[in-house]
Amino acid sequence: MKFIGQSIDKRWFVSTGVIAITYEVVAYLIEHFNWNQGRARAVMLVIVLIATLILLRLPPRRALATTPIALSRRVLIAACAIALSLHLIHFIEFFHKPHLFDIATTTISAGEAIRSGQNPYQLPINPEPTLPQGSLNYNGYKYLPMMAVVYLPLSAVLGERGVLVTNLLLDLAVTGLVFQLTRRAGTHETSGLFAVLLYLMPLMVPRQLFHKGVTDLAAVVPLLVALLYLERKPSLAGLCVGLSISTKLLPGILFIPCCLPQKNPPKLRWWYAVGVVLGLLPTLVFLVWSPIDLFSNALLFNTQRPIDSTSWLFELPSFISWFIRVGFAAMILGVAAYVWFNKPTLIMRCGLGAICILATILSGPIVHSNYQLWWLPLLAILVERAAFGK
């Protein structure tokens with residue numbers, strides 16, 4: 001095959017295209033299998049989980065050496081530009097007429113409450129009349145305080161459009177971080193562009209960010225920053241993990257073990273722990289202010305949510321749910337033990353983080369589409385390694 005006077009390895013080009021298309025198809029099916037299709041969605045997520053385990057054991061390909069890097073870069077830049085333009089088109093479409101779901105609208109309300117000096121966990125921001133109240137309050141804000149803080153500056157000026165602009169900035173941040181993480185993992189610029197393409201391709205991402213206004217990337221961006229700076233600045237990595245948890249309990253809490261620095265010298269882990277504590281300070285402020293309200297809305301509420309039809313556990317006996325949760329909890333503990341006693345590479349940490357996320361999603365009572373934004377950037381990095389190697 002000749003193109004611009006250069007010879008290209010056809011097999012590499014075709015197989016890389018197949019990888020990208022397969023990635024897109026899997027992401028599309030996971031989004032498509034939604035309400036009343038929890039078992040089909042679970043099958044796809046299990047496939048992703050198994051693929052993640054395989055990717056971590058798969059030796060990287062070496063075929064890029066036979067493919068002109070300059071040509072590959074041009075092709076990938078063009079593909080990334082097209083994929084990014086689709087994100088921008090979705091943003092522009094809904095910027096003129098926002099159609100935000102309760103995730104975003106309650107976040108705007110919580111931000112306004114904080115700005116006025118009120119406690120969003122004590123106000124009826126997100127009422128839950130179906131849950132027993134008693135001494136507990138389930139009517140307040142359902143996320144942790146940094147979520148409202150992240151969206152407050154632009155939503156205070158632009159209202160609902162501010163949420164979409166913030167999501168666009170977070171989307172661009174994830175794009176840049178995926179590129180930087182891929183390069184930090186020891187691969188070259190061209191492979192970084194392929195990882196970016198994999199993240200940008202699934203239209204589930206712009207649909208969730210700009211159609212529904214989901215806020216999950218506010219918790220994902222700090223985790224990617226933590227992975228990027230873990231080896232050089234463990235205190236900054238810990239701070240980012242803590243801030244992610246102070247934004248949304250999951251997936252941040254899963255990355256406490258995944259981002260744990262190597263044990264020698266021991267001071268690295270101490271600095272990491274200090275950073276995590278500092279990142280949790282916003283949550284601790286509200287915990288001191290109204291512990292019952294924060295606990296019931298942001299923590300206990302998630303354990304009280306009924307299983308819906310997006311989960312494969314829907315209408316199954318409760319003992320099966322508990323059995324599955326115990327099994328996946330053991331898997332996450334195994335990941336924590338592995339990181340504690342070993343020195344995993346950056347790629348391994350990305351894979352372990354994706355495994356913890358997928359295990360948590362599969363064992364949860366709800367498996368909504370916005371949760372898929374937690375693992376998509378991580379899997380893009382892993383798939384890139386399998387396609388390009390070092």
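**A look at the rings**

Guide: Tyrosine 121 and tyrosine 141 are both buried, meaning under 20% relative accessible area, with over 50% being exposed and anything in between partly exposed (1.4 Å probe, protein chains only). Bear in mind that this is a predicted model: local features need pLDDT of at least 70 and side-chain atom pairs count only at pLDDT 80 or more, while totals for chains, interfaces and linings use all residues. Residues are numbered from 1 along each chain as its sequence is written, and side-chain values use heavy atoms, with hydrogens and water left out.

Now the pairs. Rings of Phe, Tyr and Trp (its six-membered ring) pair if their centres lie within 6.5 Å; planes under 30 degrees apart are stacked, over 60 edge-to-face, and the rest tilted. The structure has seven aromatic pairs. One of them joins phenylalanine 91 and phenylalanine 95, a tilted pair at 5.4 Å centre to centre with 40° between the planes. Both sit in helix α3 (residues 69–96), four residues apart, or about one turn of the helix; helices here are DSSP runs of H or I, at least four residues, and strands are runs of E, at least two, numbered from the N terminus. Phenylalanine 91 is buried because its relative accessible area is 12%, whereas phenylalanine 95, at 24%, is partly exposed.

Back to the tyrosines: the ring centres of tyrosine 121 and tyrosine 141 are 6.2 Å apart and the planes meet at 45°, so this pair is tilted. It links distant parts of the chain, 20 residues apart, with tyrosine 121 and tyrosine 141 each in the loop between α4 (102–115) and α5 (145–158). Ring pairs also tie Tyr121 and Tyr141 into a cluster with Tyr143, Phe286 and Trp289.

Some rings have a charge over the face, which takes NZ of Lys or CZ of Arg within 6 Å of the ring centre and within 35 degrees of the ring normal. Lysine 142 does this for phenylalanine 301, at 5.1 Å from the ring centre, and arginine 325 does it for tryptophan 322, at 5.4 Å.

Serine 321 is buried because its relative accessibility is 4%. Leaving out residues up to four places away in sequence, serine 321 touches Ile307 and Leu313, where a contact means heavy atoms within 4.5 Å.
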